[in-house]
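This report describes selected features of one protein chain. Please keep the sequence and the model in view while reading.

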Amino acid sequence: GASGLFTEHTRAAYMRALAEGADGLEIDLHLTRDGELVCFHDATLERTSDGAGSVSDVTLEHMRRLDIASWKTPQLPSEYGQKDQQLMTLQDVLELLISAERDVGLAIELKHPSPYGHRLEDRALKILLSYGWDPETSRIPSGQHSVEVSFMSFFSGSLLHLAEMVPAENLCALFTTVTEEAVDKRLGRRRFSTAVKPVVSAAMRRSVRDSKALVWKGQIGMAGPGVDYVHKHRDEAKAWLARGSRLRVWTVDADEDLSMLLNLGVQEITTNYPSKILSRISA
């Protein structure tokens with residue numbers, strides 16, 4: 001969504017992005033304790049809400065009561081809903097996209113590791129099917145228009161699980177450069193012994209190798225590198241593009257990053273500022 005202006009993954013951010021003309025929305029999905037899919041970036045509540053603990057340990061009703069918007073936007077424009085309407089479920093997002101009455105995309109990131117394993121993917125597929133999602137085309141028809149659904153994950157096992165039903169061209173392997181900062185971000189604010197850090201770093205590097213292998217083997221149709229990764233590995237990005245893979249690069253907010261990606265011929269980008277990026281592309 002337009003998370004440069006509003007809290008990420010809220011109703012306001014999603015509605016503003018669509019109003020600005022974004023081609024679609026990117027959402028992060030977690031499974032709550034009562035089996036509901038909520039749009040939330042972190043596995044824990046502290047950073048972007050007034051709650052505490054893990055998303056997987058609380059119910060949807062509990063999350064509905066949290067304030068997930070005021071820390072960034074104390075006064076929300078009334079057209080984007082009230083404070084208690086900002087938490088979005090997968091169903092909420094689907095209703096929003098269908099009501100857009102134009103062709104839109106929905107990029108679903110399955111957030112792992114999840115304590116519920118592949119129940120996360122299975123629940124998402126079940127909800128999509130209830131909205132008329134066609135696995136063959138990965139689209140939800142809506143009158144003269146449709147919602148095209150793609151799936152993303154940093155966890156290759158998630159993509160391989162989805163590949164049993166989802167076309168390869170609608171699957172995106174996410175990865176980034178594994179730096180000390182990236183490892184610290186994965187660990188979050190939780191306290192671990194110093195011995196844990198190298199283990200997490202090794203696991204993250206293995207995950208990158210596994211994800212890239214899916215792209216090289218053609219099992220996955222889209223590569224989803226972070227923009228910093230593309231800066232450091234332009235030849236690899238060019239090779240993927242040359243062999244017909246799509247690139248969906250995140251998170252592209254700076255002009256110099258956009259120019260570099262446009263020159264490479266990258267087809268898709270994720271940004272916090274849809275209006276700004278669209279105006280640059282159309283200039």
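## The largest cavity

The residues that line the largest cavity comprise two nonpolar, five polar and one charged; here Ala, Val, Leu, Ile, Met, Phe, Trp, Tyr, Cys and Pro count as nonpolar, Asp, Glu, Lys and Arg as charged, and the others, Gly among them, as polar. The lining consists of T7, E8, H9, T10, F40, H41, T48 and I68. The volume of this cavity is about 40 Å³, and one cavity of 30 Å³ or more is counted. A cavity is a set of points, on a 1 Å grid over the protein atoms alone, where a 1.4 Å probe fits but cannot get out, and lining residues have an atom within 4 Å of a point. Grid points are joined across faces, edges and corners, and the volume is the space filled by probe spheres set on the points.

The model is predicted: local features need pLDDT of at least 70, side-chain atom pairs count only at pLDDT 80 or more, and totals for chains, interfaces and linings use all residues. Residues are numbered from 1 along each chain as its sequence is written, and side-chain values use heavy atoms, with hydrogens and water left out.

## Parallel strands and a crossover

Strand β7 (residues 222-225) pairs with strand β8 (residues 246-249) in the parallel sense over two bridges, and M222 stands opposite R246 in β8. Strand β8 is also joined by two bridges to strand β9 (residues 268-269), again in parallel; there R248 stands opposite E268. Pairing requires that DSSP finds at least two bridges between two strands. Helices (H or I, at least four residues) and strands (E, at least two) are DSSP runs, numbered from the N terminus.

Together, β8, helix α10 (residues 255-264) and β9 form a right-handed β-α-β unit. Right-handed means that, with the strands pointing away from the viewer, the path from the first strand over the helix to the second runs clockwise.

## Helix packing

Helices α7 (residues 196-216) and α9 (residues 234-242) pack at an angle of about 35 degrees, their axes 11 Å apart. Contact (heavy atoms within 4.5 Å) involves K212, V215 and W216 of α7 and E236, A239 and W240 of α9. These residues divide into four nonpolar, no polar and two charged. Axes are lines fitted to C-alpha atoms, for helices over the stretch in contact, and angles run from 0 to 180 degrees between N-to-C directions.

## Backbone features

The peptide bond from H112 to P113 is cis, with omega near 5 degrees; P113 lies in the loop between β3 (104-110) and α4 (119-130). A cis peptide bond also joins W250 and T251, with omega about -25 degrees, and T251 belongs to the loop between β8 and α10.

H9, although not a glycine, has a positive phi of about 60 degrees. H9 is located in the segment before α1 (11-19).

Note on methods:
1 Å grid on protein atoms, 1.4 Å probe; cavity = no way out; pocket = protein on both sides within 12 Å on 5 of 7 lines; lining within 4 Å.
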